[in-house]
Amino acid sequence: MFDNYASVLGLGNFSPIYKSRLREDVKLKKKIGKFLKEIRQETKQEICYYCGNEFTSLCNSHSIPAFVLRNIAENGEVLTLNAFIDNPILKTDKGVNNSGTFNLICRNCDSKIFSEYENPENYIDPPTQKMLAQIALKNNLLAISKRMFEINLYEKAEKELALPSEFRQLKNDINAMDLNEYIENYKKAKKSLEKNSTSDYYLCYYEKLNYVVPIAFQGAIALISDFEGNIINNIYNMSPKYKIKYINICVFPLKNETAIFMFIENGDNRYRKFYRQFNKLDKDDKLQALTYIIFSYSEEVYFSKQIQSDIFSNEKLKKISRNTSEILSTNPFVKPLLVATDTYDLSGRKFVPNILSKKYKIHTTKE
Ligand SMILES: [Zn+2]
């Protein structure tokens, strides 16, 4: 997560003074850009993570299918979450081709292993098991790629930016643990696809909206607590035996509609209470809860430039889109899990604009 590396680079608090310094100090900005680019180079793989063949050329895999982004893009561009966070080293406008990409697999695999779910024709009905497995596969690949990047980041920051080695160790112990879990989940998804399983994932929510929403999202999220405050994931439990469990969420704007769904690994009991509570909410409240969850837990969300611009100055949205960095700057004298459940308290959804509701719908571009 960039909040994590932003904190390494002194951006964690997003203080206005540091921000304006960065804006003016072109040299510093370039230096940070170069530093991050070098880490991307070092993180590059020689062989395809999926098939094991050597790379012949670089392949940019999209975290969200390009067809989905095109449905909300204007002149080929979408906005990133930085439209809220306003971090001077990150870009706010992004071309569809560069949005949320990772480079772990070869072109051949990229064109095959996601093909069912990346086909707009397949959204007439609810997603199939195969599509869910492909989405899980990709969510885990993206997470693996991010963790590999972060591990290199902290190592480089120790060597070149005098980051205390204890801090690097602490961060990378957690990163290594996370990485192993993502690899395990990736293997499960791969196996599910190979054996054409029809029961590995459970679709716990599916809705087709008859309008186009102004945001696109795909990601795996580790919810901390449910609607009644029960803990789902204790993110501070450092025992290697304790597994973090993820819920996959997709918001896919189509040509004239939007497909929204959530799914988990089948048999994953930890989310049962959550999705039962969720499914009891009325339609609008569900959409509001999803908006809240996406903004507060993830940065892989993209916006249409048609979105009503007052959204970007909404203080509540700004605040929750910075949740990760707040958790990092937790006061050590307060129980961190309590702070986390409070920060991510789902009742906070009532105070955010319901971006997925009809009120915010956009008109699709004429392509
Ligand atoms: Zn391959």
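This is a predicted model: local features need pLDDT of at least 70, side-chain atom pairs count only at pLDDT 80 or more; totals for chains, interfaces and linings use all residues.

Tyr-202 itself is partly exposed, at 34% relative accessibility.

Next I looked up a second pair, Tyr-154 with Phe-167, and found an edge-to-face arrangement, with 6.2 Å from centre to centre and 75° between the planes. Here Tyr-154 sits in helix α7 (residues 129-161) and Phe-167 in helix α8 (residues 165-194), and the two are 13 residues apart. I noted that Tyr-154 is buried, at 0% relative accessible area, while Phe-167 is partly exposed at 31%. The count for the model comes to 18 aromatic pairs.

I then followed the rings that join into a cluster, and listed Phe-67, Phe-114, Tyr-117, Tyr-123, Phe-252 and Phe-261 as linked by ring pairs. One of these rings, that of Phe-114, has Lys-138 over its face, 4.7 Å from the ring centre.

My next entry concerns the metal: which atoms coordinate the zinc ion? I found the SG atoms of Cys-48, Cys-51, Cys-106 and Cys-109, at 2.2 to 2.3 Å. The angles among these 4 donor atoms run from 103 to 115°, and the site is tetrahedral. Along the chain the donors follow the spacing C-x2-C-x54-C-x2-C. Since Cys-51 lies in the loop between α3 (26-43) and β1 (61-62), and Cys-106 in the loop between β4 (101-102) and α6 (107-112), this pair ties together parts that are 55 residues apart in sequence. Of the two, Cys-51 is partly exposed at 34% relative accessibility, whereas Cys-106 is buried at 11%.

Turning to the packing, I found that the largest nonpolar core holds 52 residues, and that Tyr-50, Ile-105, Tyr-123, Leu-137, Leu-141, Phe-252 and Phe-261 have the most contacts inside it. Two or more residues of this core come from each of α4 (66-72), α7, α8, β7 (247-253) and β8 (258-265), and the largest share, 12 residues, is given by α7. I checked Phe-261 in particular, and beyond its neighbours within four places in sequence its contacts include Tyr-123, Leu-132, Leu-203, Ile-249 and Phe-252. Another core of 48 residues lies apart from this one, with Leu-79, Val-213, Ile-224 and Val-301 among them.

My last entry is about backbone angles. Most residues other than glycine have a negative phi. Asn-75, however, has a positive phi near 50°; this residue is in the loop between α4 and β2 (77-79) and is exposed, with a relative accessible area of 82%. Asn-196 also has a positive phi, of about 55°, and I located this residue in the loop between α8 and β5, where Asn-196 is exposed at 53%.

Notes. Residues are numbered from 1 along each chain as its sequence is written. Side-chain values use heavy atoms; hydrogens and water are left out. Rings of Phe, Tyr and Trp (its six-membered ring) pair if their centres lie within 6.5 Å; planes under 30 degrees apart count as stacked, over 60 as edge-to-face and the rest as tilted. Helices (H or I, at least four residues) and strands (E, at least two) are DSSP runs, numbered from the N terminus. Buried means under 20% relative accessible area, exposed over 50%, partly exposed in between (1.4 Å probe, protein chains only). A charge sits over a ring if NZ of Lys or CZ of Arg is within 6 Å of the ring centre and within 35 degrees of the ring normal. Donors are N, O and S atoms within 2.8 Å of the metal (3.2 Å for Na, K and Ca); water is not among the atoms, so sites may look incomplete. Four donors count as tetrahedral if all angles lie between 85 and 135 degrees; four count as square planar and six as octahedral if opposite donors are over 155 degrees apart and all others between 65 and 115; anything else is irregular. A nonpolar core is a set of buried Ala, Val, Leu, Ile, Met, Phe, Trp, Tyr and Cys residues joined through side-chain atoms within 4.5 Å. Contact means heavy atoms within 4.5 Å.
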